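Visitor: I am new to this structure. Please walk me through how to read a sheet and its helices.

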Amino acid sequence: MSPSAPPATAPGTWWQDAVIYQIYPRSFADSDGDGMGDLPGITARLDHLVELGADAVWLSPFYPSPQADAGYDVADYRDVDPLFGRLADFDALLARAHELGLRVIVDLVPNHSSSAHPWFAAALAAGPGSPERARYVFRDGRGPDGDEPPNGWRSVFGGGAWTRVTEADGRPGQWYLHLFDAGQPDLNWDNPEVRAEFRDILRFWLDRGVDGFRVDVAHGLVKQADLADWHYPEEPVSGEGTEGPRPPMWDQDGVHEIYRDWRQVLDGYPGERILVAEAWVQPAERLAAYVRPDEMHQAFNFEYLEAAWSAPAQYAVITRSLAATDAVGAPTTWVLSNHDVLRHASRLGLPVGTPRPRGIGIGDPQPDAVIGLRRARAATLLMLALPGSAYLYQGEELGLPEHMTLPDESRQDPTWQRTGHAERGRDGCRVPIPWQADAPSYGFGPTDASWLPQPELWAEYALDRQRGVPGSTYEMYRTALRLRRDLRLGAGTLFWLESPDEVLSFRNGEVTVLTNFGEAPVPLPDGAELLHASGPLDGDGRVPTDVTVWLRTP
Ligand code: NOJ
């Protein structure tokens with residue numbers, strides 16, 4: 001295998017202002033008609049990313065896996081699941097992406113393996129006290145018979161975070177920790193063998209030519225040594241609050257040593273290979289610690305994703321994010337959607353201030369689709385004018401809403417079962433995306449098959465209905481990405497401008513950006529030239545509610 005060389009065109013710090021497009025392999029494009037997206041399907045459609053104007057791709061997991069958590073349960077970190085193709089298909093994808101000038105980031109899942117990983121099978125077979133068990137977090141249970149879990153930690157997906165195993169002699173035995181599904185045992189990062197293994201996994205993909213890694217649950221690898229109990233059941237997983245003690249399972253200081261080590265591995269390779277933290281950590285200053293100069297390059301800005309649709313909330317989160325990353329000399333990232341959250345075209349259609357819902361289904365209050373899309377477009381134009389790097393999630397360029405009437409029997413997110421059906425989970429944002437209005441599975445694949453059912457309304461969002469149509473969401477994204485690149489907005493600096501209470505306005509280089517969150521229309525500044533808008537101006541040439549404009553002002 002000869003490694004694929006990165007695109008020649010990109011300068012050293014390509015990632016600082018890159019627009020990175022997330023592909024969720026299950027749902028992007030299906031080449032063989034089995035209803036499951038795959039790597040050859042992605043390769044065949046990489047042109048779409050170029051036409052859109054993205055700089056890079058992040059691929060969610062495609063590794064061998066029982067798919068207990070849609071591939072975030074990895075059984076072999078160095079191969080491709082037959083569901084998605086073969087390793088040779090990955091190499092072909094990478095080569096084609098590089099040929100097209102696109103960088104490729106793969107997902108790394110170091111907090112846990114799958115319970116189908118050979119290490120876990122060995123741990124079960126070897127028994128208590130063995131070196132094999134020491135790769136995971138096994139403990140004896142509490143109580144006289146050890147039949148109570150070692151502590152009261154909860155799983156992110158609902159239920160307890162410990163599962164008891166049956167020992168080789170058939171008796172109930174030790175418990176293992178899984179912060180997520182029972183099929184995702186947490187690895188023990190105090191064990192040097194685990195650290196060595198992941199260094200080697202990094203090298204495996206770097207040697208093939210990948211441009212970086214999105215690091216899953218980057219804030220979870222190290223646990224407080226005493227596994228101290230945690231009695232905040234109403235917020236079992238967040239670790240996000242700025243008040244009170246920090247949860248013993250999240251954002252422990254020890255994680256940073258791991259990323260300093262990985263950074264050295266990456267820096268040993270030519271080109272700028274990057275690490276991106278998926279870390280649900282607040283406040284922004286704690287998150288910024290992950291992107292200090294000798295650690296990761298980027299961290300997803302989830303505080304931004306969760307901010308309310310109001311001028312004060314958006315002002316506050318943008319200001320805080322920029323200040324926190326400036327303090328460590330890193331650029332900021334921006335993101336509005338991904339495979340774990342309600343798509344922003346639907347989220348923003350909920351009443352302002354609604355906490356981020358954990359899925360929506362039949363019978364739940366439904367967001368307002370018109371307001372949602374209008375605000376989503378305004379939010380996107382606001383985001384794409386900010387300095388730093390932006391992440392897009394497949395389908396958002398089509399204005400795709402969440403599938404909110406998915407039949408419950410088709411749900412696959414483990415959250416749905418593990419919460420006893422209290423949370424619908426994330427399937428609604430993972431539905432295969434529509435390419436062609438009048439084709440089977442809306443052009444997702446050659447047949448009608450689709451691993452999650454697509455809603456009837458998908459045709460109107462299909463790419464072929466939007467391409468070349470002025471005012472369509474797709475053309476709005478394309479124009480925004482072209483202007484963003486031409487005007488170097490990602491590499492710019494933000495200066496806030498005076499504006500009325502319900503309006504947000506800033507300057508970035510030559511561009512003045514204005515978002516109207518209020519009811520009353522806002523006139524354009526004198527002599528302003530309209531460069532781009534998320535929706536039409538009113539009859540008097542003013543900016544209506546929930547519209548963002550990009551202007552050139554005298
Ligand atoms: C974060 C991933 O984005 C999510 O999809 C997954 O379920 C958890 N980490 C566990 O790996």
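Guide: Start with terms. Contact means heavy atoms within 4.5 Å. Axes are lines fitted to C-alpha atoms, for helices over the stretch in contact, and angles run from 0 to 180 degrees between N-to-C directions. Helices (H or I, at least four residues) and strands (E, at least two) are DSSP runs, numbered from the N terminus. This is a predicted model, where local features need pLDDT of at least 70, side-chain atom pairs count only at pLDDT 80 or more, and totals for chains, interfaces and linings use all residues. Residues are numbered from 1 along each chain as its sequence is written, and side-chain values use heavy atoms, without hydrogens and water.

Visitor: Which strands does helix H3 lie across?

Guide: Helix H3 (residues 87–99) lies across strand E2 (56–59) and strand E3 (103–108). Its direction is at about 140° to E3.

Visitor: What is the strand order of the open sheet?

Guide: Two strands pair if DSSP finds at least two bridges between them. Here 8 strands run E9-E8-E7-E3-E2-E1-E11-E10, with parallel pairing. Strands E9 (298–299) and E10 (333–335) are the edges, each pairing on one side only.

Visitor: How many bridges join E10 and E11?

Guide: There are 3, in the parallel sense, and E11 covers residues 389–393. Trp-334 stands opposite Ala-390 in E11. Helix H11 (residues 369–384) touches E10 and E11, at about 150° to E11.

Visitor: How are two packed helices described?

Guide: By the angle and the distance between their axes. The axes of H11 and helix H14 (residues 473–486) come within 10 Å and cross at roughly 10°. H11 is therefore roughly parallel to H14 (angles under 35 degrees).

Terms used. Angles under 35 degrees count as roughly parallel, over 145 as roughly antiparallel, 65 to 115 as roughly perpendicular and the rest as oblique.
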